[in-house]
Amino acid sequence: MNFFDMVEKNRMNLNKNENELLKYIIEHASKIKDMTIKDLSKATFTSTAGIIRFCKKLGFNGYSELKNNLYLTVANAIIKPARKYSITIFDDIEKTKNLLNLQLIEEILELIYKAHRIDFYGEGSSRMVCMEMARRFMSIKKVSYYYDDTSIMYASAGTLTAQDLVFAISMTGETKQIIKAVNIAKSKNATIISLTNLSNNSLSNIADKSLFVFSNKYVINDMEITSRVPALVLMEYIFYNYLEKYIKEL
């Protein structure tokens with residue numbers, strides 16, 4: 001079983017601090033294979049005993065098994081060609097549901113509430129998610145924008161402040177236009193929330209808060225497709241939780 005399948009199966013066993021440790025490990029997957037348990041302990045301010053307990057909660061015998069499994073999973077993901085999948089979209093949604101970190105969702109709801117303005121950044125099919133969520137938040141009088149034009153997205157990022165919030169959506173987490181816009185936004189001290197496929201990627205490394213989904217790749221007529229449905233479902237979950245918590249008249 002690969003690393004991310006183990007995470008999906010056992011993540012509900014983790015507490016808040018262990019979820020932060022998991023986030024660090026995913027975001028630094030390329031380095032973990034060369035890190036000793038003492039190196040990881042120092043980098044994350046976690047005791048070696050705590051790391052071993054964390055590994056066992058995820059179903060591994062210890063740290064060595066975890067880091068070797070992660071290394072092989074990431075290596076295989078890089079070299080494995082896209083193929084047709086029999087897994088349905090409902091499986092991806094269920095896996096995404098199992099990844100939910102309720103404490104993180106609560107923190108994001110508070111960030112949305114306090115934000116003076118929300119920008120949604122996405123390219124390609126991810127732009128549809130941005131458009132829908134900007135429309136939703138605008139409907140409850142939360143100042144929100146999405147961008148059809150990349151140059152306008154960059155210009156808008158340059159006008160953000162420390163009171164503003166950005167949702168950056170990219171399934172690979174490597175979309176150059178989104179990373180550029182996010183870096184501009186960070187230079188203005190805006191808070192960044194990334195939404196990507198569960199993986200080690202550049203966008204989640206940059207973000208202040210990282211949301212992950214499962215969305216398998218499949219191929220139709222030699223065209224590789226990654227569904228945005230799990231991303232939209234997760235964003236709708238956040239939106240409706242926001243309504244329940246902060247929009248009292250509903």
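Predicted model: local features only at pLDDT ≥ 70, side-chain atom pairs only at ≥ 80, totals over all residues.

I started with the helix contact: F3, F4 and V7 in α1 meet L22, I25 and I26 in α2, contact being heavy atoms within 4.5 Å. By class I get six nonpolar, no polar and no charged residues there (Ala, Val, Leu, Ile, Met, Phe, Trp, Tyr, Cys and Pro count as nonpolar, Asp, Glu, Lys and Arg as charged, the others, Gly among them, as polar). Helices (H or I, at least four residues) and strands (E, at least two) are DSSP runs, numbered from the N terminus.

Numbering runs from 1 along each chain as its sequence is written, and side-chain values use heavy atoms, without hydrogens and water.

Next, geometry. The axes of α1 (residues 3–10) and α2 (residues 16–27) come within 13 Å and cross at roughly 165° (axes are lines fitted to C-alpha atoms, for helices over the stretch in contact, with angles from 0 to 180 degrees between N-to-C directions). That makes α1 roughly antiparallel to α2, a term for angles over 145 degrees.

Then I looked up the sheet. It is open, with five strands in the order β2-β1-β3-β4-β5 and parallel pairing; a pair needs at least two DSSP bridges. β2 (144–146) and β5 (209–213) are at the edges with a single partner strand each, so one side of each has no neighbour in the sheet. The twist averages 15° from one strand to the next.

Last, β3 (residues 164–169) and β4 (residues 191–197) pair over five bridges, and F167 stands opposite I193 in β4.

Note on methods: Parallel < 35°, antiparallel > 145°, perpendicular 65-115°, else oblique.
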